[in-house]
Amino acid sequence: MTAGVTAATPPDAGASATGRDAILLAARRAFTQRPYAEVTIRGIAADAGVSASLVVKHFGRKEELFNTVADFGPAAGELFDAPLDALGRHMVLTLVRRRREQKGDPLLRVVFSLGNHDERSLLRDRFREQVTARLTARLPGRERALRAELIAGHLIGLGATLSLHREGAGARATPEHLADLYAPALQALVAG
C-alpha cells in the first residue's frame, strides 16, 4: 500500500492517490457485482477512469487487487476505534460517514459478493477473522462471540438499509441522528 500524500511529495502525488482510491472503489464494485472470472483489470480501469497500467502499477495482478478489496482490517480498525462506553455510537457514525464520503459500505460487500464458492469463502473467512473475531476480543463479559456476531449483523443491516433506500429518509438524516436512533441497540450488545 502507498503512503499518504505529504508536503514533500511531488505535485502529481495527489493525483496518484486519487487514482488509487478510484481504482479501489471501482474494484469493490466490480468484485461485489460480478463473479471473479468476469472481472478484468481493463474493466476496473475503465470504471475508475484510469489506465490499466496504473491499476497494475498500484496493485499488480487481479488476484492481488482482489485480496486488497477483501481486506476488512482497515474498516474494522476504524469502526472499533473507540472506548467501549461509546463504541455503539462510534460504529454507527463511522459507518454512515464512511459510506457517504467514500460512496461505499465498509462491510456490506461480504453479503453481496457473487462468484464461486472459493471467493465467498475467502470473504466470509476474512470477515470473521478481521471483524467478528476482533470485536469479540474487545467485548467484556459473557457470550462475547454471540454479541459480536449480532453487532456485525446490525452494522450490515444498517448498511443494507441505507443501500436499499438510497434516497430515503436515512439518506436525508444526519449521521448524528441515525446514531441517536440506532446506536443504543448496539451499545446494549457491547455492554452485555
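T94 is placed in helix 6 and is buried, with a relative accessible area of 12% (buried means under 20%, exposed over 50% and partly exposed in between, with a 1.4 Å probe and protein chains only).

## Basis of the model

This is a predicted model, in which local features need pLDDT of at least 70 and side-chain atom pairs count only at pLDDT 80 or more, while totals for chains, interfaces and linings use all residues. Residues are numbered from 1 along each chain as its sequence is written, and side-chain values use heavy atoms, with hydrogens and water left out.

The structure holds four aromatic pairs (rings of Phe, Tyr and Trp, the last by its six-membered ring, pair if their centres lie within 6.5 Å, and planes under 30 degrees apart count as stacked, over 60 as edge-to-face and the rest as tilted). In one of them, the ring centres of F31 and F66 are 5.1 Å apart with planes at 80°, so the pair is edge-to-face. Because F31 belongs to helix 1 and F66 to helix 4 (residues 62-69), this pair ties together parts that are 35 residues apart in sequence (helices are DSSP runs of H or I with at least four residues, numbered from the N terminus).

Both F31 and F66 are buried, F66 with a relative accessible area of 7%. The rings of Y36 and F66, with centres 5.4 Å apart and planes at 85°, are likewise edge-to-face, and this pair links Y36, in the loop between helix 1 and helix 2 (41-48), to F66 in helix 4, 30 residues apart. F31, Y36 and F66 form one aromatic cluster. The charged end of K62 sits over the ring of Y36, 4.2 Å from its centre (NZ of Lys or CZ of Arg within 6 Å of the ring centre and within 35 degrees of the ring normal).

## Lining of the largest pocket

By class, the lining of the largest pocket has 12 nonpolar, eight polar and 13 charged residues, with Ala, Val, Leu, Ile, Met, Phe, Trp, Tyr, Cys and Pro counted as nonpolar, Asp, Glu, Lys and Arg as charged, and the others, Gly among them, as polar.

Key:
Helix = DSSP H or I, 4+ residues; strand = E, 2+ residues; numbered from the N terminus.
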